[in-house]
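Hello,

Here is the structure I promised to pass on. Have a look at it first, and my notes on what turned up follow below.

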Amino acid sequence: MAPEPNTVPAPRSRPALRVAVIGGGPGGLYAAALLKRLDPAREITVWERNGPDDTFGFGVVLSDETLGGIEHADPAVYRALQDEFVRWDDIDIVHRGRTLTSGGHGFAALGRRRLLEILHERCASLGVRLRFRTPAPPAAELAESYDLVIAADGVHSLTREAHADAFAPRVTTHRCRYIWLAADFAFDAFRFEIAETEHGPMQLHGYPYAPNASTVIVEMREEVWRAAGLDACDERQSTDQCAKIFADALGGRPLRGNAVSSGGPPGFPSPWIAFRTVVNDRWSHGNTVLLGDAAHTAHFSIGSGTKLAVEDALALAACIEEQPSLDKALAAYETERRPVVESTQRAAAASLRWFEELGTCLDQPPRQFAFNLLTRSRRVTHDNLRLRDPAFTDLVERDFGCPPGTPPMFTPLRLRGLTLRNRVVVSPMDMYSAADGIPGDFHLVHLGARALGGAGLVMTEMVCVSAEGRITPGCTGLYTAEQGAAWRRVTDFVHHNSPGTAIGVQLGHSGRKGSTKLMWEGIDQPLDQGNWPLSAASALPYRSGVNQVPHALDRAGLNDIRDQFAAATQRAARSGFDLLELHCAHGYLLSGFLSPLTNHRTDSYGGSLDNRLRFPLEVFDAMRGIWPDDRPMTVRISATDWAQGGTTAEDAVEIARAFAAHGADAIDVSTGQVVADEQPEYGRSYQTPYADRIRNTLGIPVITVGAISSWDDVNSLLLAGRADLCALARPHLYDPHWTLHAAAEQDYAGPGAPWPLPYGAGSRKPPTGRTDAPKPRLTLK
């Protein structure tokens, strides 16, 4: 009798001699062929519910890296693929009737049906048993009689769902609908075209896969799809409608769909698909292993689905060959592949979100829009694109306003009466090193060193407006004259020793996150003794049972705190700061008013977003009325709480809109740290999409922050119009001269990054050991 679906069969310690493959897509077929080639004695069976000629999607794009792996593992398959590939270098982006072309990208594609034919032939020649139009038995049943079960049964994997408690899948459905179609002609390039219809923007992704055929994917937001009536269309109607919408791109030629071209299998689903991102905590379960889309998916806009599946197959076969037992092989396979897959999924998620939010970018200048699209996944960057197509990149830089020979990051920016000589910001970083709120020698050296390091703007840590508003006993303040004088010492040093560098102060109040230990003694943990009372929007502790319950502010308390911010603003102006930032992020007092998770008030300061904005705006207005008119003010916000029911990206736009209307000169866009049970989606420049959305929706300058580590990232984000300034924290802890070193690495020595005169001798990287040893003149055989 077969075991229950969730029973875990014991891993086999002997080699995988009998192998069952569920799913006859490229990944499953290639895994079968490789395993059979490595050991002809293996008995391998592939079950595929569809016929050999049924296919879903038309063209498949493979990278040179993937092809290299195929060449080494199976030259016969590689040679067959080489004979079929269509290759091209250009990407065409059509923006409001204007076509912009970027070259040097290098693509190779072939028809999915032909790819399957090649793999069918290879499997048959090796002796793999192929069972078409035959649903596979359940994986648990196969696991009893086979040494290895490979579940390559796709995004809707029945194997994964049957053993969900073992694999722990997380499936996210996204906001766009798309349809796979084909055209009977070959595009000259990879083509992206935007149709701005009365219902909203629609986009076409097209590329050739044969001398006389192209894949065409049409995608749009769900609400656009419904408004256009496409939700009520069958495949033929949808195909005809898409051909009309993109008639210019198609030259008036028709499109065809899967069901039209092949008849479609019984029960063929709706042609319009909502993309689903699949993530699994574990990829193996006993002697059953997930492969390809069953284990993970990556959005089609970076063309990685088949690539990942084929690479999975290569890695799985190699690990089985290398490891002494199956359980070790499956563990090694996951260890090898997971980091690669997660990196690809992060890039795919960035690309997916870019297309979801396409409407916010449409008003960008054409070349900036094209650059934004090309760099959307962060796999292609400014430096990378310069190598691929320097002429195109030069034009984008010229449109941006880069002086000749000047990288984007060293292009000046003006905010009110302040001109920043470059776009690099030393992000606020709490140092927890003050005594009684007074910045001392440590702060002078810390901030002074980073000012000497070349950044256009150096920000203080959050400077607290009262003793009760401190996070820890080591936090700085601006609530006494002595503190103001100490800050004046810091600003004088910066202005005198690094002329042209601006220094800004960030003012804030800890709210319910105060009265805690220094970070390295126990972050967010209450003091062992000497705790002070806390106040907040509502009487909700940061961590229930850990942090103290704050006092919910009444009218008198609100007035006191507003006045504390105003008094600190006066001291900041007298202390010589060039820019003032109001901290409304990270769960501190004013952030606590903005988030519905931390503001449960029933008066005029709670409830609707307008009400939740009321007190932060009152504080901002009091500060703006005091702060010198020629000096800019910014506001830091948490654009999402990373928690269900919290601040959303849409809320963030409205929060930014409100502060801009009250006189904010830029919005510093951070995320999270509002509630303890947040679930951030970390990754490279992971917070930038929120800054991008605010900037391109409202037209207000934004500062982006979060996992930006390279000067190439900074240049890319700026040129794409996703941000106006880039704030970096940890890189400046690692290297106080990060900006000057970025200039040196780009061979830039202009006014955007002048070296302090005493440091001039260090403006070139010191030489290291010789690497130019003479090469051997003879090779003996």
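Let me start with a question: is Leu 34 buried or exposed? Leu 34 is buried, because its relative accessible area is 5%, and the cut-off for buried is under 20%. This residue lies in helix α1. Apart from its neighbours within four places in sequence, Leu 34 is in contact with Ala 73, Asp 74, Ala 313, Leu 314 and Ala 317. Ala 481, by contrast, is 447 residues from Leu 34 in sequence, and the two C-alpha atoms are 75 Å apart in space.

Please keep in mind that this is a predicted model. The protein chain has an average pLDDT of 92, and 94% of the residues score at least 70. Residues 1-14 have a pLDDT below 50, and this stretch makes 33 contacts in the model beyond near neighbours in sequence.

Now to the cores. The largest nonpolar core has 115 residues, and Leu 507, Leu 582 and Phe 659 have the most contacts inside it. At least three of its residues come from each of domain 1 (18-355) and domain 2 (366-520 + 533-755). A second, separate core has 55 residues, including Leu 62, Val 128, Leu 148 and Ile 320. Going back to Leu 507, its contacts beyond four places in sequence include Met 462, Phe 565, Leu 582 and Met 623.

Helix α4 is worth a look on your screen too. It covers residues 112-126, and its 15 residues reach 21 Å from the first C-alpha to the last, close to the 21 Å expected at 1.5 Å a residue. Among its buried residues are Leu 115, Leu 116, Ile 118 and Leu 119, along with Arg 112 and Arg 122. The buried residues of α4 pack against several elements, including α1 (26-38), α3 (75-82) and α12 (305-322). After α4 comes Gly 127, which has a positive phi near 95°.

Finally, the sheet. Six strands form an open sheet in the order β8-β2-β1-β9-β17-β16, with mixed pairing. β8 and β16 (284-285) stand at the edges with a single partner strand each, so one side of each has no neighbour in the sheet. β16 runs antiparallel to β17 (residues 288-290), and two bridges join them. Ser 284 has Val 289 in β17 as its bridge partner.

Happy browsing, and do write back with any questions!

Methods:
Residues are numbered from 1 along each chain as its sequence is written. This is a predicted model: local features need pLDDT of at least 70, side-chain atom pairs count only at pLDDT 80 or more; totals for chains, interfaces and linings use all residues. Side-chain values use heavy atoms; hydrogens and water are left out. A nonpolar core is a set of buried Ala, Val, Leu, Ile, Met, Phe, Trp, Tyr and Cys residues joined through side-chain atoms within 4.5 Å. Buried means under 20% relative accessible area, exposed over 50%, partly exposed in between (1.4 Å probe, protein chains only). Domain bounds come from an automatic or database domain assignment. Contact means heavy atoms within 4.5 Å. Helices (H or I, at least four residues) and strands (E, at least two) are DSSP runs, numbered from the N terminus. The expected span of a helix is 1.5 Å times one less than its number of residues. pLDDT is the predictor's confidence in each residue, from 0 to 100. Two strands pair if DSSP finds at least two bridges between them.
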